[in-house]
Amino acid sequence: MTGGNTGNGRAAPPHGSETEPVKMNVRDFNLYYGHFQALKNVNMAILEKRITALIGPSGCGKSTLLRGMNRMNDLISGVKTSGTILLDGIDVYGSAIRVDELRKRVGMVFQRPNPFPLSISDNVVYGLRVAGIRNQKTLKEKVESSLQAAWLWEPVKDKLHHPALELPLDQQQRLCIARLLAVEPEVILMDEPCSALDPIATAKIEELMLELRNHYTIVIVTHNMQQASRISDFSGYMLLGELIEFDDTQKIFTNPENKKTQDYITGRYG
Ligand SMILES: Nc1ncnc2c1ncn2[C@@H]1O[C@H](COP(=O)(O)OP(=O)(O)O)[C@@H](O)[C@H]1O
Ligand SMILES: [Mg+2]
């Protein structure tokens with residue numbers, strides 16, 4: 001198994017990355033929905049300021065694993081976990097970090113854009129308001145900088161007080177990204193963020209992700225294997241709750257070690 005922990009806070013290499021810092025580290029992680037085991041002993045190191053893609057057939061646990069990383073599964077009754085997930089070496093399931101703090105540091109973008117039924121600017125600063133920030137100048141600056149960072153400023157700058165839900169879908173998705181960036185996360189989890197978008201809008205989000213990689217650690221679930229191979233540095237192939245293989249994206253897509261991975265990427269699966 002590549003991508004394991006060497007115990008010194010570094011990732012065991014996906015090839016050639018021995019010295020890169022680990023942002024999150026999934027260690028012997030199991031997750032059960034009631035009696036059903038959805039994740040089986042998953043080990044994976046997420047390297048800082050890199051894009052890691054999770055691929056695999058529907059129902060194999062990709063979303064479950066992603067939600068495990070910021071404890072979104074806690075909201076589902078009957079969920080039990082064992083093993084751990086570390087964020088900068090701190091157990092996110094332990095008492096050293098509060099769940100709201102975790103979700104601020106490890107934010108999430110969903111399949112379907114989910115802006116609140118508020119104005120564009122109120123969406124962007126929603127998290128800051130919840131955190132008690134009231135200073136109008138600060139909020140205004142944050143609206144602009146976050147929209148700029150999500151490449152949405154130009155199209156919306158003259159209608160910041162319009163309802164967010166009036167925006168086209170791809171702009172709604174970038175608004176959700178702006179809303180996330182406003183609270184200054186460290187890790188961005190994206191669960192099939194382009195699945196509701198057309199190819200042009202998808203290309204725009206992909207380009208944005210490559211830019212965001214300069215500042216953030218990104219984990220993306222995607223059904224689109226071209227997308228995984230275009231934008232990610234590392235890829236994990238999941239099947240029936242197991243992380244079958246985890247390695248450099250190029251290796252996964254050109255010369256995977258595991259026959260199951262090979263069958264999937266060459267379309268022989270199922
Ligand atoms: N809230 C839930 N309650 C019970 N089972 C669930 C729940 N969410 C997902 N599952 C099951 O866990 C498995 C993994 O689901 P999921 O993580 O959504 O897969 P993927 O994202 O790879 O399609 C599936 O068998 C799914 O039916
Ligand atoms: Mg899913």
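**View 1. Strands β1 and β2 pair side by side in a predicted model.** Strand β1 (residues 22-33) runs antiparallel to β2, and eight bridges join them. Pairing here asks for at least two DSSP bridges between two strands, and the elements themselves are DSSP runs numbered from the N terminus: helices are H or I runs of at least four residues, strands are E runs of at least two. Look for valine 26, which sits opposite methionine 44 in β2. The two strands make a hairpin with two residues between them, and glycine 34 in the turn has a positive phi of about 60°. As background, side chains in a regular strand alternate between the two faces of the sheet.

A word on reading these views: residues are numbered from 1 along each chain as its sequence is written, while chains are lettered from A and ligands numbered from 1 in the order in which they are written. Because the model is predicted, local features need pLDDT of at least 70 and side-chain atom pairs count only at pLDDT 80 or more, whereas totals for chains, interfaces and linings use all residues.

**View 2. A shell of residues surrounds ligand 1.** Among them are Tyr33, Phe36, Ala38, Lys62, Ser63, Thr64 and Ile76; a residue is near the ligand if its C-beta atom, placed from the backbone, lies within 6 Å of it. Elements giving two or more residues to this shell are β2 (36-47) and α1 (62-69). Of these, α1 gives the most, with three residues.

**View 3. Helix α5 has a buried face and an exposed one.** The 14 residues of α5 (residues 136-149) reach 20 Å from first C-alpha to last, close to the 20 Å expected at 1.5 Å a residue; the expected span is 1.5 Å times one less than the number of residues. Buried in α5 are Lys142, Val143, Ser146, Leu147 and Ala149. Down the axis of α5, these buried residues fall within an arc of 155°, so they line one face; the arc is taken from the directions from the helix axis to the C-beta atoms. Buried means 20 or more other C-beta atoms within 10 Å of a residue's own, exposed 12 or fewer, and partly exposed in between, with C-beta atoms placed from the backbone. Turned away from the buried side are the exposed residues Lys137 and Glu141. Just after α5, tryptophan 151 takes a positive phi of about 60°.

**View 4. Serine 82 lies in strand β4 (residues 79-87).** Serine 82 counts as exposed because it has 12 C-beta neighbours inside 10 Å.
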